[in-house]
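Take a look at the structure below. Where two chains meet, what holds the reader's attention? This report takes that meeting place, then one residue.

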Amino acid sequence: MDHAAAGFGVIGVLDLQGGVQEHLDHLRRLGVAARPVKRAAELAGLAGLIIPGGESTCLSRLLAIFGLDRAIRQAYDGGLKLWGTCAGAILLARENVGEMPCLGLIDIVVSRNAFGSQLDSFQCEALAPAVAREPIPLTFIRAPKIVRAGEGVRVLLPMADYIAAAEDDRILVTVFHPELTPSLAFHRYFARKCGLSVAGGDDAGVDPDWTPHSWMDFSHHV
Amino acid sequence: MTEKRYLLNTQLAQMLKGGVIMDVVNVEQAQIAQEAGAVAVMALERVPADIRKQGGVARMSDPGLIKAIKEAVTIPVMAKARIGHFVEAQILQALKIDYIDESEVLTPADEECHIDKTPFEIPFVCGARNLGEALRRIAEGAAMIRTKGEAGTGNVVEAVRHMRTMNREIRQLATMPVEEIMTFAKMNGLPYELALEVKKLGRLPVVNFAAGGIATPADAALMMQLGCDGVFVGSGIFKSSDPSRRARAIVKATAYYNDPEQLLEVSMDLGEPMVGLDVAHMPDHERLAGRGW
């Protein structure tokens with residue numbers, strides 16, 4: 001039996017809308033087996049699932065329509081590790097300021113689109129000691145803020161008036177997009193959280209071969 | 001626009017991939033679009049089908065209307081400026097919307113020049129009929145491309161033509177020896193450096209959506225299967241008999257564009273689509289796609 005095909009040691013990327021290819025590319029660079037997930041059956045046996053950035057209302061509608069929300073909760077109960085980036089973090093949050101929560105699996109409060117319009121999107125560098133010993137680049141696109149973290153949630157990256165990354169035992173959330181930068185550090189961290197062994201120590205994990213076009217290897221060509 | 005800002009702007013387009021951007025003319029429609037799962041709305045006073053019917057000069061929408069729509073939704077808000085009308089673009093940037101569409105659907109303000117998009121912080125999406133047009137817009141600073149199609153017709157034939165043309169030209173470039181590229185670039189109006197980049201990437205160097213004439217879930221999936229990264233729907237939703245239902249169906253079809261069983265299911269019982277127009281017999285002066293240089 002092909003273990004990768006069955007999902008053992010494989011990380012899935014929810015493939016409904018948004019930054020799917022970018023995550024697949026980062027996982028490939030890390031040497032982690034990965035596959036897009038469009039249907040509930042494709043969750044079977046996965047070690048982890050990334051819910052990418054995109055538009056959270058669109059993603060939440062599609063999750064509900066195709067019963068993927070139930071399937072993800074079920075797989076999570078069965079031990080599936082989850083990571084939400086940006087919109088993914090909104091979907092995983094237990095509370096969402098002014099809106100209904102979607103999956104509601106991690107005890108954080110998020111505030112949607114908390115920085116403003118696209119003109120307020122930005123890039124910076126910061127140190128998240130649990131993830132990498134060096135500062136890593138961070139890209140915020142119309143990002144949400146984590147405004148509160150409950151008990152049992154560890155803050156990985158505190159900022160001035162909000163939290164940019166946090167985790168509990170089974171879920172990682174980042175309001176920024178590591179998949180839009182050359183750094184593989186957060187993907188390495190999540191892969192290890194999923195129980196996979198990944199080489200590379202704890203540096204910034206910058207892949208010199210990455211370019212802003214790298215995701216295009218995974219876009220379908222005609 | 002710094003290189004860093006341009007990158008952030010192309011990356012916002014990446015986050016819209018696999019999604020549907022819907023034309024809306026008021027707050028109520030914007031909320032219906034968001035509720036149906038749109039990844040962004042295009043705020044305008046008249047959808048292309050009405051612009052076509054009513055004629056006259058079509059301009060940037062009243063900023064008051066765009067502002068009201070911006071306040072009513074949490075998804076990104078786009079708005080249109082006339083081709084070459086850099087002051088309309090300055091106003092839209094001051095309004096802090098998320099993306100400007102420099103659009104042939106509005107009456108061009110300049111019949112020789114597009115907007116120089118490089119001094120702006122805000123991202124631009126532009127229409128294209130072929131690879132040369134797409135790369136010229138990118139060279140001017142566009143962070144996202146869409147097919148032009150023939151807006152306001154409910155007829156997908158021109159969008160298909162434009163996407164097939166781009167795909168064909170990209171394939172030609174991909175297999176072309178380097179010494180032939182300069183002449184190909186000259187003949188087809190391609191900026192040379194960008195032609196080299198397309199050859200290397202095997203696709204446009206930015207996100208490319210379908211637009212112009214998409215009216216059904218099958219139209220949306222067709223454009224996705226032809227290689228588009230996402231879909232704009234203009235008149236196709238709010239000119240149909242059941243906009244909310246049709247909007248949801250097109251969102252689903254775009255996400256599951258490769259799954260005929262899902263497409264079958266979402267295509268059923270949608271009510272009347274918008275009335276379509278024949279493009280083949282349309283006189284040249286009525287064709288919007290010809291606007292752009």
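The sections below cover the interface and then a single residue of a predicted model.

## The interface

Chain A and chain B touch each other. The contact takes 43 residues from chain A and 51 residues from chain B. Together the two chains bury about 3,900 Å² between them. Of that area, 58% is on carbon and sulfur atoms.

## Polar links and salt bridges

Polar contacts also cross the interface. Between chain A and chain B there are 26 residue pairs in polar contact, both residues at pLDDT 80 or more. Five salt bridges are found across this interface as well. One of them joins B:Glu35 to A:Arg61. Their closest N and O atoms are 2.9 Å apart.

## The chain A side

Several elements of chain A each supply at least two residues to the side that touches chain B. They are helix H2 (20-30), helix H3 (56-65), strand E7 (122-126) and strand E8 (136-140). H3(A) gives the most, with five residues.

What kinds of residue make up the side of chain A that touches chain B? They divide into 15 nonpolar, 18 polar and ten charged.

## A residue in chain B

Now turn to B:Thr165. This residue is found in helix H7 of chain B, which covers residues 157-175. Is B:Thr165 buried or exposed? B:Thr165 counts as buried because its relative accessibility is 18%, and the cut-off for buried is under 20%.

Which residues does B:Thr165 touch, leaving aside neighbours within four places in sequence? B:Thr165 is in contact with B:Arg129 and B:Asn130.

Definitions and conventions: Residues are numbered from 1 along each chain as its sequence is written. Chains are lettered from A and ligands numbered from 1 in the order in which they are written. This is a predicted model: local features need pLDDT of at least 70, side-chain atom pairs count only at pLDDT 80 or more; totals for chains, interfaces and linings use all residues. Side-chain values use heavy atoms; hydrogens and water are left out. Helices (H or I, at least four residues) and strands (E, at least two) are DSSP runs, numbered from the N terminus. Buried means under 20% relative accessible area, exposed over 50%, partly exposed in between (1.4 Å probe, protein chains only). Contact means heavy atoms within 4.5 Å. Buried area is the accessible area (1.4 Å probe) that two parts lose on being put together, summed over both. A salt bridge is a side-chain nitrogen of Lys or Arg within 4 Å of a carboxyl oxygen of Asp or Glu. A polar contact is a pair of N or O atoms within 3.5 Å; within protein, one must be able to donate a hydrogen and the other to accept it, and residues adjacent in sequence count only if both atoms are side-chain atoms. Ala, Val, Leu, Ile, Met, Phe, Trp, Tyr, Cys and Pro count as nonpolar, Asp, Glu, Lys and Arg as charged, and the others, Gly among them, as polar.
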